[in-house]
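Here is a short briefing on one protein chain. Look at the sequence and the structure first, then read the points below.

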Amino acid sequence: MFPIDHIPNVLQVTDDDAALCGRLLTVTADVSGDKNVADSGFRLIANTGPDANQTVSHMHVHCIGGRRLQDER
């Protein structure tokens, strides 16, 4: 699924984008099942801005799983 509307990052999300953001999460749930990480758990990351190492200027999430993740504090 590739949205037509360009949203550079989560800071530009508006109420009008609620359905699209909800769809992003439902697709993430589907992908986590397809990749066999739904039961053990996964982390969603949305890099926002240069200090977060956002290299693609289009809102998206990274779904990371398949191993025990460390606390990132």
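What percentage of the 73 residues of the protein chain count as buried? The share is 14%, where buried means under 20% relative accessible area, exposed means over 50%, and partly exposed lies in between (1.4 Å probe, protein chains only). This is a predicted model: local features need pLDDT of at least 70, side-chain atom pairs count only at pLDDT 80 or more, and totals for chains, interfaces and linings use all residues. Residues are numbered from 1 along each chain as its sequence is written, and side-chain values use heavy atoms, with hydrogens and water left out.

**Overall layout**

- The protein chain has 1 helix and 2 strands. Helices (H or I, at least four residues) and strands (E, at least two) are DSSP runs, numbered from the N terminus.
- The order along the sequence is α-β-β.
- Helix 1 covers 18-34 and strand 1 covers 42-45. Strand 2 covers 62-65.
- A box of roughly 35 × 30 × 20 Å, taken along the principal axes, holds the C-alpha atoms of the protein chain.
- Take the contacts between residues at least 6 apart in sequence: 51% of them join residues at least 24 apart. Contact means heavy atoms within 4.5 Å.

**Surface and charge**

- The protein chain exposes about 5800 Å², and carbon and sulfur atoms supply 52% of that area. Accessible areas come from the Shrake-Rupley method with a 1.4 Å probe; for residues, only the protein chains shown count as cover.
- There are 6 positive and 10 negative side chains. Lys and Arg count as positive and Asp and Glu as negative, while His and the chain ends are not counted.
- The centres of the two charge sets lie 12 Å apart. The place of a charge is NZ of Lys, CZ of Arg, CG of Asp or CD of Glu.
- Leu25, Phe42 and Leu44 make a nonpolar surface patch of about 250 Å². Patches are made of residues with over 30% relative accessible area and no salt bridge: like charges are joined within 9 Å, nonpolar side chains (Val, Leu, Ile, Met, Phe, Trp, Tyr) within 5 Å. A salt bridge is a side-chain nitrogen of Lys or Arg within 4 Å of a carboxyl oxygen of Asp or Glu.
- Phe42, one of the patch residues, lies in strand 1. Phe42 is partly exposed, at 31% relative accessible area.

**The segment before helix 1**

- His6 lies in this segment. Which residues does His6 contact, leaving aside its neighbours within four places in sequence? They are Ser57 and His58.
- His6 and His58 are 52 residues apart in sequence, yet their C-alpha atoms are 6.6 Å apart in space.
- Asn9 is also found before helix 1. Asn9 counts as buried, at 13% relative accessibility.
- Leaving aside neighbours within four places in sequence, Asn9 is in contact with Thr48, Gln54 and Met59.

**The loops**

- Asn36 sits in the loop between helix 1 and strand 1. Asn36 has a positive phi of about 60 degrees although it is not a glycine. Most residues other than glycine have a negative phi.
- Is Asn36 buried or exposed? Asn36 is exposed, with a relative accessible area of 67%.
- Lys35 lies in the loop between helix 1 and strand 1. Lys35 counts as exposed, at 60% relative accessibility.
- Asn53 is in the loop between strand 1 and strand 2. Asn53 has a positive phi of about 65 degrees, although it is not a glycine. Its relative accessible area is 53%, and Asn53 is exposed.
- Gly49 is found in the loop between strand 1 and strand 2. Gly49 is buried, with a relative accessible area of 17%.
- Gly49 and Val10 are 39 residues apart in sequence and 9.5 Å apart in space, C-alpha to C-alpha.
- Lys35 and Gly49 are 14 residues apart along the chain, and 28 Å separates their C-alpha atoms.
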